[in-house]
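Please have a look at the fold before reading on.

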Amino acid sequence: MKKVFSAVFAFAAGLLLMSGCGKSVADQDIAKVSKENNQIIWGVKYDTRLFGMMDVTTNEVKGFDIDIARGITEKILGRDGNAIFVEVTSKTRIPLLKNGNIDAIIATMTITEERKKQVNFSQVYFDAGQSLLVPKDSKITGVDSLTADDTVLAVKGSTSAVNIRKHAPDAKILELENYAEAFTALQSGQGDAMTTDNAILLGMASENMNYKLTGKAFTEEPYGIAINKGQDNFLKEVNKALDEMHADGTYDEIYNKWFPDDNTGKVK
């Protein structure tokens, strides 16, 4: 009986030890680990049009975030470096990073003070912010041009509804359950403009040529690449890669590929 107990205890201890070793990977210098493996594992969205969307015909994820990640990987690891993509959601991305399942997050992630308590961020790579989507023949030129005669569509309970009341207090607000309902309402003439993050609106405009973004973003929600705490060398390499991509035109080339008719999110 004692031998059986000892064997069970040893097995459990071994599992615990292996689990601990797995977690310790997240505490290593990921830049060094990635170079040794010749790959960087990126957490990306699979369901966000223009940024990270799974193409079911090719079974390949495509988008602005994907191409930026590939560009950074090449700058850090060279042409033979591999960019590996793992699907994340807004809820799973930080836990996956903290557990060492991914090396970095590039997934339409806004830099906030609250998030900085858990992760570090690169420099801004996309200037996201709240904007307005309107029909192409609309006379609305921006949030400042909204009047009491205009109805703005927003999603219930969102910060977008709060912000539009602050920036256009005279405008009427009609809140819908989700983005799809809000856009349908805009198409049916129930509202004159729709408001939310410009990244989401750009995705809608890309599929509906009769609509456009108008005016500048009137809130600041810049996107950054999230990297785990303690990965200072990796963070420096990512920022250096972004600088090089701006300098040699790679960033502009990628941006213009995905947003050819709109510069609202371009980082200068």
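## Overall picture

A residue counts as buried under 20% relative accessible area, as exposed over 50%, and as partly exposed in between (1.4 Å probe, protein chains only). By that rule, buried residues make up 46% of the 268 residues in the protein. This is a predicted model, where local features need pLDDT of at least 70 and side-chain atom pairs count only at pLDDT 80 or more, while totals for chains, interfaces and linings use all residues. Residues are numbered from 1 along each chain as its sequence is written, and side-chain values use heavy atoms, with hydrogens and water left out.

The protein has 10 helices and 13 strands; these are DSSP runs numbered from the N terminus, with at least four residues for helices (H or I) and at least two for strands (E).

Strands pair if DSSP finds at least two bridges between them. Strand β2 (residues 47–48) pairs with strand β3 (residues 52–55) in the antiparallel sense over 2 bridges, and aspartate 47 stands opposite methionine 53 in β3. Their hairpin has 3 residues between the strands, and leucine 50 takes a positive phi near 80°.

β3 also pairs with strand β4 (residues 60–62), antiparallel over 3 bridges. Here methionine 54 has valine 61 in β4 as its bridge partner. This hairpin has 4 residues between its strands, with asparagine 59 in the turn at a positive phi of about 55°.

## A look at threonine 196

Threonine 196 lies in strand β11 (residues 193–197) and counts as buried because its relative accessibility is 3%. Leaving aside neighbours within four places in sequence, its contacts (heavy atoms within 4.5 Å) include Gly129, Ser160, Tyr179 and Leu201.
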